[in-house]
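Please keep the sequence and the coordinates in view while reading.

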Amino acid sequence: MNRVAVALCAALALAGLGASAGLVLPARWRSAAVGAATVAAGVAGAVAGAAAVSGTGWQVRVAGLLPLAGVTLAVDALAGWFLLLVGGVAAVVGVYTVGYTGRTGRGPAARGALALLPLFVAAMLLVPVAGSVSTFLLAWELMAVTSLLLVLSEHRHSPAVRTAGLWYAAMTQAGFVVILLGLAWLAAAVGGESFAAVRAGAAELSPLVSSGVFLLCMAGFASKAGAVPLHPWLPRAHAEAPSHVSALMSAAMVKLGVYGIVRVAFDLLGGGPRWWWLLLGAVGAVSALYGILQAAVATDLKRLLAFSTSENIGLILLGLAAAGLLAAAGQLAGAGAALAAAFLHTANHAGFKALLFCGAGSVLHATGTRDLDQLGGLSRRMPVTTGLVTVGALGAAALPPGNGFVSEWLLLQALLHQVPAGGTVLTIAAPVAVAVVALTAGVGVATFVKALGTGFLARPRSAAAAAAIESPPTMLAGMGLAAAVCTGLAVVPTVAAPALDRIATGLRVESAPLHGSGIDLRLAGIASSISPLWIAVGVVGIAVGFAAVARAAGRPRRRARAWDCGDGPLTARMEYTATSFAEPLQRVFEDVLAPEQDVDVTHSAESAYLVRAVEYRRRLPDRVESRLYRPVIVAADAVGRAACRLATGSVHRYLAYMLTALVAVLVAGVLR
Amino acid sequence: MSAAWIMAVAQAVLVAAVAPLLVGFTRAVRARLEGRAGGRLVQPWRDLGKQLRKEPLIPADAGMFFTAAPAVLMATSVLVATAAPYLSTRGPLSAGVDLIVVVGLLLLGTAALALAGLDTGTAFGGMGASREMTIAALVEPTLLLSVFALSTRVGSTNLGAIVAAGVSDQARILTPASALAAAALAIATLAEAGRLPVDNPATHLELTMVHEAMVLEYSGRDLALVEWASAMRLTILLGLLANLFVPWGVATSLHPGSVALAAVVFLGKLGVLGGLLAVGEVFAAKLRLFRVPELLAGSFVLGLLAVITSAVLA
Amino acid sequence: MPVEPLPAAAGLGGSVQVRHVDAGSCNGCEIELGQAFSPVYDAERHGVRLVASPRHADVLTVTGPVTVNMAGPLRKTYEAMPEPRLVVAVGDCARDCGMFAGGYGVHGPVATVVPVDLQVPGCPPEPAAIVSALRRLSGR
């Protein structure tokens, strides 16, 4: 047993311990015990991951654990990266959970909901270490079921939770079926179900089989990752789940969809033709743009964060697509850079999204609402939370010196520097991809300025927001941990270089895509470089310097009424809300977002020229959902209703069906 | 302190010192064309000096974001002014700050000011923030496509490398791709610096304001920092436009003589671009806010054409 | 033509930013004030500029007899300005309510609401008089 094995077994055992603690302990101790167990399991998982990315592999096959196939575990650098990610997120969220679920013993703190949390973490740790098709599918389904039950923790609270659960259940199971078909086909075609056997046999696969497997698996994994158009479950489930579960799902679980794509497409199938990657890139581009546009106009803080998850997954898929495309064109240096960008972005997104969902949870905890139009004024009531959320928002907006900026810089570098030998397709695709990344980044900044500016700053817009108080220390500690990780990744991203080197080598692109002399971040084969540390020190140092000098030399600040043009006073109703902030963007992208608005004018009884009341309503439904899914749901519903007519409850009818079927089988048998 | 750092600090000081003068110069040119005598060139410096001595007010409900934004905005401007190759391509940060970082830093400054506008809790602050962020979001694709077109011919996004390549091989600059990228970047510059036809820096009408609406609540030294930093942004952007597309005169060494010459040439280029800007502003009217996306879409197409042309020619 | 600088405006250092409040004027003074910034009189060459917010202003120009309804807003505008701040009462009405003195809606001259540092007499004052008053503040 090596380090990976010990740490991994410890993680699973701790998770089991946590689950039983959740079931057994009284409400007073439950949250603390489960939180501690989740942290411990997460740390153990992260230790296993760290060992794996630093070169320690581990393989084991336990034949008796599952009938027929047994359980196969295999840990390589790729699995290690995701172990590290899941473990890190679980550790952060575990600390946060203690304060968030509290001691009420209801809702997310109920016996079952708490017991499931460590099990969910354990399932997510098992997915990347699965070494065979059957083990992988088992872990995948375990992850889906535990997360579904966690989403439903507050099902008594509102019907929206139940709807979200239904959507998530339907889509995750459909995704599972597609992945099952794809992987089973793959295993049947190569004649072995362990990943090692698949890898060895993949070269002999016919293009039909490998492309079919790719398409099936991509569809399933992309739906788990929340890529558009397979995303509708995501804004519902992320918004309605308890916030610590949202954080786990958005920061960790969704990344395992990315893991699935990388494992199957790059590792098991060993890359593929150009059109795979163009398709993946198109999905990524659409996800990025559609996700960020929906986030920009969302007024529900958690829905905004959920759509931003779609956006970030889009960017990651764009990076993977670029890596595949460049590898197929033989440009391994560019492929390495693109892959490094995608992987680094999974880590960065995990960091800032865990932080932001926890922040949204703190807001919900303190005010009972997640509607940005009802919030405001939190920066003076919850200063620490606001500060931590700012760190996350800086990363999510991909602004320097945040952590999101580094991975977007890498992605842009990979897209910018491969033109000469690329041919026509790359010549067109690269600038389009750059424009997509740029527009996404620009709208992303507007989105997070909106979230922070209308949600946390200025005056509170509701009594609930006015009565907000700072979160308990455990919640702040969890968020602080995430903020520290974000800062670390932002300032010294080169710490990830050795891990990315091993992953890139394992996936057969240019090794050591990322290197640097401690401070400078450089890419193999590309002449550009930046030093994130210098940028961070420069911005912070100069800003502090100017503020200090101005403060020392100038007069003291005086508080005054906000300038109200001499009338007033200004009330919170006059503040810009999230809706009004996003209105220009909504108008500019009206064709994409297709808002539904109606204006009702009630006239005075005396004269049609006098208006008594004007009512304005605007809805921004998810257009993909209403155009793509509604017809399917309606059709499925119709088929279901039609099928009801077959089953009337009459025994005679059923006997007639059976007789008909028997006759049909007999006739078929005779005719053959 | 090495020669490179001395040069970089001198360059930042030069940009900071020249920026208000550039604003004064554009105002003077404008005044002349409108048949007025106009203020002195140093008037913006006098304004800044006075504002620095005045008392800063803070709205009752504003917090940290309002007080921190001027310093953050200033920091982004100073950092870009230190890192960009205005005088010499051998700056100490030329390997640490590339064109994408410059774009990101300018956007950080914009975002900081937008947050400050929202932090005031006034309708004008929110309105300015909303408009500014919308424009900033739409400018981004043009900016990065111009970066793409510029970096293709060099193989690097590092500013020093791009300008140095232009200085050493001047034939590379006089290409159709370069002209298209310059046009795209020029429009993006107007939008980023808040000049006509995107935003009117001289307006007193709150309803047409973009940048001014966000800073309506600032006073005293906070206002001085915001205005100074805004002037620096204009200088930075015009200077980049000048040195990326007309790199003649930029020193490729740290020799004091050539750096001094570069400073003189840089001031000349700024004067020419500032004059052109002022002349253009006299004859241009501000676009309605919802026509601005059309202008930016046009600049985006120019940028896309620039990239494709440069790829085809390469 | 040199002007005699106002001692209270010494701290401005040659830069005067003006916020204007019409406290109940007949708008005659506004027309003359607008002329003061036109190409003919061009107050800008003396370092004077109109601004959009009292936060940015050093000098408040007030015209008209202060009406009952404008007394509060005028005071608030003055309070919204950062120190040091100066007030210029432009026109006879601002000085002593002029022909509106005793009107039922008139609160009183500007000096009854905010401290006045400089007065420009005339009904309406000529643009040249306004410019020379502003020059006493900017000292240029």
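How many bridges join strand S5 of chain C to S7(C)? In this predicted model, strand S5 (residues 86-90) of chain C and S7(C) run parallel and are joined by three bridges. Within this pairing, Val88(C) stands opposite Leu118(C) of S7(C).

Both strands belong to an open sheet of five strands in chain C, ordered S2-S1-S3-S5-S7 and paired in parallel. Strand S2 (48-50) and strand S7 (118-120) of chain C form the edges, each pairing on one side only. On average, and ignoring direction, neighbouring strands of the sheet are turned by 30° against each other. Helix H1 (residues 28-36) of chain C packs on this sheet, where it touches strand S1 (16-22), strand S3 (59-63) and S5 of chain C. The direction of H1(C) makes about 140° with that of S3(C).

Chain C also meets chain A, through a contact that takes eight residues from chain C and four residues from chain A. On the chain C side, three of these residues are nonpolar, two are polar and three are charged.

The contact between chains A and B involves 64 residues of chain A and 73 residues of chain B. Several elements of chain A give two or more residues to it, among them helix H16 (403-416), helix H17 (423-456), helix H21 (532-553) and strand S6 (558-560). The largest share of the chain A side, 15 residues, comes from H17(A). By class, the chain A side has 42 nonpolar, twelve polar and ten charged residues. Strand pairing also links these two chains: three bridges join S6(A) to strand S1 (residues 57-59) of chain B, and the two strands run parallel. Here Arg558(A) has Leu57(B) as its bridge partner.

The discussion now turns to the nonpolar core. The largest such core has 423 residues, of which Val434(A) and Val445(A) touch the most other members. Helix H13 (residues 332-367) of chain A supplies the largest share of this core, 21 residues. Leaving aside residues up to four places away in sequence, Val434(A) touches Leu412(A), Leu415(A) and Leu416(A), together with Leu144(B), Leu145(B) and Phe148(B).

Finally, for chain B an unreviewed UniProt entry lists several stretches as "transmembrane region", including residues 257-283 and 295-313. In the model, residues 257-283 of chain B are 100% helix, with end C-alpha atoms 40 Å apart. Residues 295-313 of chain B are likewise 100% helix, and their end C-alpha atoms are 27 Å apart.

Notes:
Residues numbered from 1 in each chain as written. Chains lettered and ligands numbered in written order. Predicted model: local features only at pLDDT ≥ 70, side-chain atom pairs only at ≥ 80, totals over all residues. Core = buried A, V, L, I, M, F, W, Y, C linked by C-beta atoms within 7 Å. Buried ≥ 20, exposed ≤ 12 C-beta atoms within 10 Å, placed from the backbone. Helix = DSSP H or I, 4+ residues; strand = E, 2+ residues; numbered from the N terminus. Contact = placed C-beta atoms within 7 Å. Nonpolar A, V, L, I, M, F, W, Y, C, P; charged D, E, K, R; others polar. UniProt positions renumbered as here; feature names shortened; annotations may be inferred. Pairing = 2+ DSSP bridges. Axes fitted to C-alpha atoms, helices over the stretch in contact; angles between N-to-C directions.
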